[in-house]
Amino acid sequence: MELRSSPGEILDRVARDGEVFVIERNGQPKACLVPVSFLLPDVSPERIAQELDRLRERNENPTLTINENKELAINFREIAVGEKVVISVVLPHGYPNAAPRIQVQPLPSDAPHLWPDGTLAIFGATAMWNAKSHDVVYVLSLVRLWLKQYAAWRKTGEWPKSAEGRS
């Protein structure tokens, strides 16, 4: 009955608060209202198109997947230290206001500069991600720098210092 009397309010509660509503008819469940993020990535289609256009302009050829958390992953095949790897730039729900997570597979578990979940520790502080000026092209340049440092680590056993003095 709530849905009939105030559909806009119910939709706002679903979208804004993540509430879930089961719609019944004659006492039987018939449908369900859930946030879009339950089924699809919560990233604007315009932003996804913009990101893909910029990648194509740079002759990148990514593939797209949706992970188990319904987040969009933009995947790139690369060679690192003579091995084939896949870079996955995961756009979390709410991207670009939330920084992407970056995975490279395969990597040894003892590789430095990884977060405990195995993602690359590129954005050491939230302040390093700028939703207005950073995008997947920017992330990809950082990942490729990380891979060069990773290659040096594999060769020497030491992670090189970056030009800015950060490691």
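Reading from the N terminus, the elements of the protein come in the order α-α-β-β-α-β-β-β-β-α, which gives 4 helices and 6 strands. Helices (H or I, at least four residues) and strands (E, at least two) are simply DSSP runs, numbered from the N terminus. A word on bookkeeping: this is a predicted model, in which local features need pLDDT of at least 70 and side-chain atom pairs count only at pLDDT 80 or more, while totals for chains, interfaces and linings use all residues. Residue numbers start from 1 along each chain as its sequence is written, and side-chain values rest on heavy atoms, with hydrogens and water left out.

On overall dimensions, the protein has a radius of gyration of 20 Å, whereas a compact globule of 167 residues would be near 15 Å. That radius is taken over C-alpha atoms, and the globule rule is 2.2 Å times the number of residues to the power 0.38. The C-alpha trace spans about 70 × 30 × 30 Å along its principal axes. Of the 167 residues, 34% count as buried (under 20% relative accessible area, with exposed meaning over 50% and partly exposed in between; 1.4 Å probe, protein chains only). Some 37% of the contacts with a separation of 6 or more are between residues 24 or more positions apart, a contact being heavy atoms within 4.5 Å.

As for the surface, the protein exposes about 10700 Å², and carbon and sulfur atoms supply 52% of that area (Shrake-Rupley method, 1.4 Å probe; for residues, only the protein chains shown count as cover). There are 20 positive and 21 negative side chains, with the centres of the two sets 4 Å apart. Here Lys and Arg count as positive and Asp and Glu as negative, leaving out His and the chain ends; each charge is placed at NZ of Lys, CZ of Arg, CG of Asp or CD of Glu.

Now for the inside. The largest nonpolar core has 31 residues, and I87 and V143 touch the most other members. Such a core is a set of buried Ala, Val, Leu, Ile, Met, Phe, Trp, Tyr and Cys residues joined through side-chain atoms within 4.5 Å. Two or more residues each come from α3 (45-57), β4 (72-80), β5 (83-91), β6 (101-105) and α4 (136-156), and α4 gives the largest share, 9 residues. Setting aside neighbours within four places in sequence, I87 is in contact with I74, N75, F76, E78, I102, Q103, V104, L140, V143 and L147.

Most residues other than glycine have a negative phi, and most peptide bonds are trans. Against that background, the bond from Y95 to P96 is cis, with omega near 15°, and P96 sits in the loop between β5 and β6. The bond from Q105 to P106 is also cis, with omega near -5°; P106 belongs to the loop between β6 and α4. G118 has its place in the loop between β6 and α4 and is partly exposed, at 24% relative accessible area.

Positive phi values turn up at K70, near 65°, and at V81, near 55°. K70 lies in the loop between β3 (63-66) and β4 and is partly exposed at 27%. V81 lies in the loop between β4 and β5 and is partly exposed at 35%.
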